[in-house]
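Colleague: Could you take me through the charged and aromatic side-chain contacts in this one? I would enjoy a close look, with the cut-offs spelled out as you go.

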Amino acid sequence: GELEGIAYRGNFDLTQHQQFSGEKLGYLDPETNERYIPHVIEPSAGADRGTLAFMVDAYDEENVEGRERVVLRLHPRLAPVKVAVLPLFNKDGMPEKARALYEELRPLMQAEYDTGGSIGKRYRRQDEIGTPWGVTIDHQTLEDDTVTLRDRDTLEQIRMPIGDVAGELAKRLAAPWATPKLG
């Protein structure tokens with residue numbers, strides 16, 4: 001597809017408009033006293049074309065542990081969802097802890113709460129829509145109030161106190177970012 005179009009229309013459009021409207025559309029050059037109808041160059045580069053460029057650049061497929069992973073490596077500030085909060089299981093108080101963290105993060109950034117399917121499927125689903133981070137609530141969370149923070153691009157997982165998640169994500173959103181596709 002084309003990312004930017006440039007149409008050289010000549011003076012055809014203005015000549016036709018002048019002919020059928022009866023309005024003079026000519027320009028008088030003050031230096032030469034010559035009258036002419038200007039030529040039109042029509043560039044077109046809209047938001048949809050820029051979005052297409054970001055999407056095409058961000059799309060990636062890779063093999064992780066023998067399985068294909070589709071990932072949308074959007075810049076974290078462009079990602080429509082910044083973080084997914086994922087309880088490991090839908091029991092034992094995990095959904096309640098996860099929902100509380102989701103409600104804390106939601107006013108600060110675009111967040112999603114996801115309980116559908118296995119944790120691996122939920123990670124893959126978030127990777128496909130470009131969510132840069134996932135926070136998993138598990139059995140250890142119930143014991144010591146720590147969570148697992150997963151990075152979409154590096155697949156790195158770290159444990160951290162649940163109370164530090166909002167600050168860590170804000171710091172990561174503000175940090176410089178470069179696509180891992182260049183590395």
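Modeller: Happy to. Let me start with Asp153, which forms a salt bridge with Arg152, the closest N and O atoms being 2.8 Å apart; a salt bridge here is a side-chain nitrogen of Lys or Arg within 4 Å of a carboxyl oxygen of Asp or Glu. Please keep in mind that this is a predicted model, in which local features need pLDDT of at least 70 and side-chain atom pairs count only at pLDDT 80 or more, while totals for chains, interfaces and linings use all residues. Residues are numbered from 1 along each chain as its sequence is written, and side-chain values use heavy atoms, with hydrogens and water left out.

Arg152 and Asp153 are both buried, a label that means under 20% relative accessible area, with exposed being over 50% and partly exposed in between (1.4 Å probe, protein chains only). Across the whole structure, the search finds 17 salt bridges. One of them joins Asp127 to Arg150, at 3.0 Å from N to O. This pair links distant parts of the chain, 23 residues apart: Asp127 is in helix α4 (residues 119–129) and Arg150 in strand β10 (residues 146–151). Helices (H or I, at least four residues) and strands (E, at least two) are DSSP runs, numbered from the N terminus. Both Asp127 and Arg150 are buried. Arg150 also lies over the face of Tyr123, 4.3 Å from the ring centre; for this, NZ of Lys or CZ of Arg must be within 6 Å of the ring centre and within 35 degrees of the ring normal.

In helix α6 (residues 165–174), Glu168 and Arg172 are four residues apart, so about one helical turn separates them. Their side chains meet in a salt bridge of 2.7 Å, N to O. Glu168 counts as buried because its relative accessibility is 17%, and Arg172 is buried with a relative accessible area of 19%. Elsewhere, salt bridges that share partners join Asp60, Glu62, Arg69, Arg73, Arg124, Asp127, Arg150, Arg152 and Asp153 into one network.

Now for the rings. There are two aromatic pairs, counting rings of Phe, Tyr and Trp (its six-membered ring) with centres within 6.5 Å; planes under 30 degrees apart are stacked, over 60 edge-to-face and the rest tilted. Tyr27 and Tyr36 are edge-to-face, 5.5 Å centre to centre with 70° between the planes. The Tyr102 and Tyr113 pair is tilted because the planes are at 45°, with the centres 5.9 Å apart. Both Tyr102 and Tyr113 are buried, and Arg99 lies over the face of Tyr113, 4.0 Å from the ring centre.
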